[in-house]
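Please look over the sequence and the model below. A short briefing follows, grouped by topic.

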Amino acid sequence: MSKIIRTFLLLLIGGFGPHVSGQDNVGEESTIVYNNDYFAQWSPVTAQDMIDRIPGLTEGGSSRGGFGGSSGFGGGFSGFRGGSRGGRGFGGGNRGSEILINGKRTAGKNNSTGTQLARITSDQVQYIEIIRGTSGELDVRGSGQVINVVLTDVFSDLSVQYELTGQQFEDNTVVPRGNLSLSGTRGGLDYQIQAQSGNNHDVTTYKENSVLGDFSANDFIYRKDIDDGGGYGLSANVGYEINPNSSARLSGQFTEGTNDSDIIRKTVNLRIQPGIESYQREDIRSKINNWEIGGDYEYNTVRGDRFKVLFISNSFTPDRLRERWNLTGPSSESKNLFLDSTSTTKERILRSSYTLDMFGGSQDIEFGAERAQTILDSSLALGTLNPNGISSAAVGGLVPVDIPNARSSVEEMRYEPFVIHNWVFNSRMSLESSVLYEDSTITQSGQISKERSYDYVKPKLDFRYDLTPTIQLRGTMEKIVQQLSFNDFVAALDTRDEDRDVQFGNENLKQEWYWNYEFNAEYRLPNDIGVASARIFYEDWTDKIERIDVSPSKDNLQGANGNIGDGEKYGLELNSSTRMRMIGLPNLLINASISFEDSNVTDPFLGIERRMSFNWRGRQNLSFRHDIPSKRINWGIRFSNTPDGNRKFYDLIDIEYWDSDPFWSAFFEWRSRNNTTVRLQTSRMGNWEFCRKRFRYNGGIADGYLAELESNCNHSGHDITLRVTGTF
């Protein structure tokens, strides 16, 4: 570990050479501008290719850093997961980078502005600017930095891009994918349309050794999962300049896909010698349907004021049917589990604001309000093998199990008026302050009926000071209210624990929130060598959500997500992105980041102070990309690691410990003179494993009677992807 830390520190300070001149492209108001000709030596094809060459945007930000790619379909869907815990509201910024196109952000969550970068050709880009200050003219507030891709006034009437992909997995299965996108302009109309289709595949093996509480052998389990999926998606973004003062944009996306998992499990009972083997098979059939539509209208007055209104409506529906059989002979089997889960999450957002320019542009104030409606309709059906019950065709011919809160509807209505004030004191200092008031009502109906209301005042201060044109200091204080996951209100699948299958819901949840205090420092090294930055943060949490006891009786112990009380989290992040000019390799870009973090909360079962569940101790990332312009080649390797030890998850009857191996990936890319790109990429290099130890207790972890210790490791294997992209 000490060698890794020394390596990162050397990279973090490696750019501090003898250069003393100022950054060539640092402009006014903390904005760094990269004109189109800056990227000419690398022959980029898309706007994403251009951003990948900018130091400081490839680690921890929105850019993929040259290591990204298509996410695929089936099990690889990354679509909308409405209602998951996270920051609330559409208008707020975040700690990372926000991406705008011509100063505008797409009115969408799944169909975001960042996804459009690979569809914009490099000749359509006039310049890219990194905005480190604050301004009322921006579509986002309070972000760490804003990446604004400015397009030429007149670009190609029609540009067509294609991407063909073949991905080979460790079992030598090859799956195809492809997408086609069109972009162009006609008068005041600009548009981007993309269609994609393809398959997904994955093979994961699990090995688990289990001992009993007295440390005598219990069993050994070998499991193999084979996942096959496929799907298609359509997305579109349209903008129209009505006149010099007003414009409108519309975006939409639709995705549909399936994923089938075939599972074989062998269990060796080691409590009897010689061990007795038994076999099971499972079929899991999943499908999703996901759509989103959004739009906005903007009007700018002659004196510089701005009126804007936007809307978003989306829906996400996953269906999952899991069935399991005991294999009792060469050609005979007996079903013992039926688990059917269906849910639909819908979200509708309407936001309007008016920005008033004051004092000649040095100050502006924005007034507005946001209305959001989120709805979850869910149902869960469980059937098991029970000789004393009455079977039902509704649960696959097994005996139905009564699950509390298995069918439910949850709706939240949220209203959020806000006022945001931006004050540019001078060319070196700015302050953005805001106050948001949130009023929400959550109504649950079905097997459980309940209504509850909440209100919060959410202030924020964001101060930025340019000590020099290349050094910026930033301090932030903000109250952040997290979005509730509606799946925590209702009975849902427990995909982590095969022995339980279902986890109970908790209708008494309320939002967790915290005060966030952080200090950031950024130094842009001379002569475009790179960027070094540091962040220190402290979070003061209230009503933290983790597992609590919701057992209906002592004979039926059940845990669920609930509010456990207050806690705190704190940490340090260091980032560096450096061009190796000091060793004569200006086209070698090395990115390094290292973070340390810790947290504490009072465990509701044991009464002890411990780290928050699911929290990392820190991360280390190290990557490089090397461009060879004369050969039109670039290649790179990425290493990512998280420290092992004391990464725990606490539940009512068990405690889990997580460990994982370092993660390696690499790519090699060649561009032809007609802008055809051939890319070879591999990920999960080496014998990568994720391991978990689970301590199960009789009567709950507080009683301290160890019943079983499970040691489980899974391995998915490496994959190799060949991708061909081009334009015409």
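## Briefing

Glu416 is buried, and so is Lys458; buried means under 20% relative accessible area, exposed over 50%, and partly exposed in between (1.4 Å probe, protein chains only). The side chains of Glu416 and Lys458 meet in a salt bridge, 2.7 Å from N to O. This pair links distant parts of the chain: Glu416 sits in strand E15 (residues 407-424) and Lys458 in strand E17 (residues 450-468), 42 residues apart.

This is a predicted model, in which local features need pLDDT of at least 70 and side-chain atom pairs count only at pLDDT 80 or more, while totals for chains, interfaces and linings use all residues. Residues are numbered from 1 along each chain as its sequence is written, and side-chain values use heavy atoms, with hydrogens and water left out.

**Overall make-up**

- The secondary structure of the protein comes to 2 helices and 34 strands. Helices (H or I, at least four residues) and strands (E, at least two) are DSSP runs, numbered from the N terminus.
- The protein has 728 residues, and buried residues make up 52% of them.
- Take contacts in the protein between residues at least 6 apart in sequence: 67% of these join residues at least 24 apart. Contact means heavy atoms within 4.5 Å.
- The accessible surface of the protein comes to about 31,700 Å². Carbon and sulfur atoms account for 55% of that surface. Accessible areas come from the Shrake-Rupley method with a 1.4 Å probe; for residues, only the protein chains shown count as cover.

**Salt bridges**

- The structure holds 49 salt bridges. Each is a side-chain nitrogen of Lys or Arg within 4 Å of a carboxyl oxygen of Asp or Glu.
- Arg249 and Asp296 form one of them, at 2.7 Å from N to O. The pair links distant parts of the chain: Arg249 is in strand E9, Asp296 in strand E10 (residues 276-300), and they are 47 residues apart. Both Arg249 and Asp296 are buried.
- Arg694 forms a salt bridge with Glu656, and their closest N and O atoms are 2.7 Å apart. Arg694 lies in strand E32 and Glu656 in strand E29 (residues 654-660), so the pair ties together parts that are 38 residues apart in sequence. Arg694 and Glu656 are both buried.
- A network of salt bridges links Glu208, Asp654, Glu656, Arg692, Arg694, Arg696 and Glu710.

**Disulfide**

- The count comes to 1 disulfide, defined as a pair of cysteine sulfur atoms within 2.5 Å.
- The disulfide joins Cys691 to Cys713, with 2.0 Å from S to S. The pair links distant parts of the chain: Cys691 is in strand E32 (residues 690-698), Cys713 in strand E33 (residues 705-715), 22 residues apart.
- The link of Cys691 and Cys713 is right-handed, with 110° about the S-S bond.
- Cys713 counts as partly exposed because its relative accessibility is 23%.

- Strand E22 (residues 530-549) and strand E23 (residues 559-580) run antiparallel over 18 bridges. Two strands pair if DSSP finds at least two bridges between them.
- Ile545 has Asn563 in E23 as its bridge partner.
- E23 also pairs with strand E24 (residues 585-602), in the antiparallel sense over 14 bridges. The bridge partner of Glu573 is Ser595 in E24.
- E23 and E24 form a hairpin with 4 residues between them. Gly584 in the turn has a positive phi of about 80°.

- Strand E26 (residues 618-628) and strand E27 (residues 633-641) run antiparallel, joined by 9 bridges. His626 stands opposite Trp635 in E27.
- E26 and E27 form a hairpin with 4 residues between them, and Arg632 in the turn has a positive phi of about 55°.
- E27 pairs with strand E30 (residues 663-671) in the antiparallel sense over 8 bridges. Arg638 stands opposite Ser665 in E30.

- Val238, Leu250, Trp291, Ile293, Phe311 and Leu350 make a nonpolar surface patch of about 490 Å². Patches are made of residues with over 30% relative accessible area and no salt bridge: like charges are joined within 9 Å, nonpolar side chains (Val, Leu, Ile, Met, Phe, Trp, Tyr) within 5 Å.
- Leu250 lies in strand E9 (residues 246-269). Leu250 counts as partly exposed, at 45% relative accessibility.
- Leu310 is found in strand E11 (residues 306-329). Leu310 is buried, with a relative accessible area of 9%.
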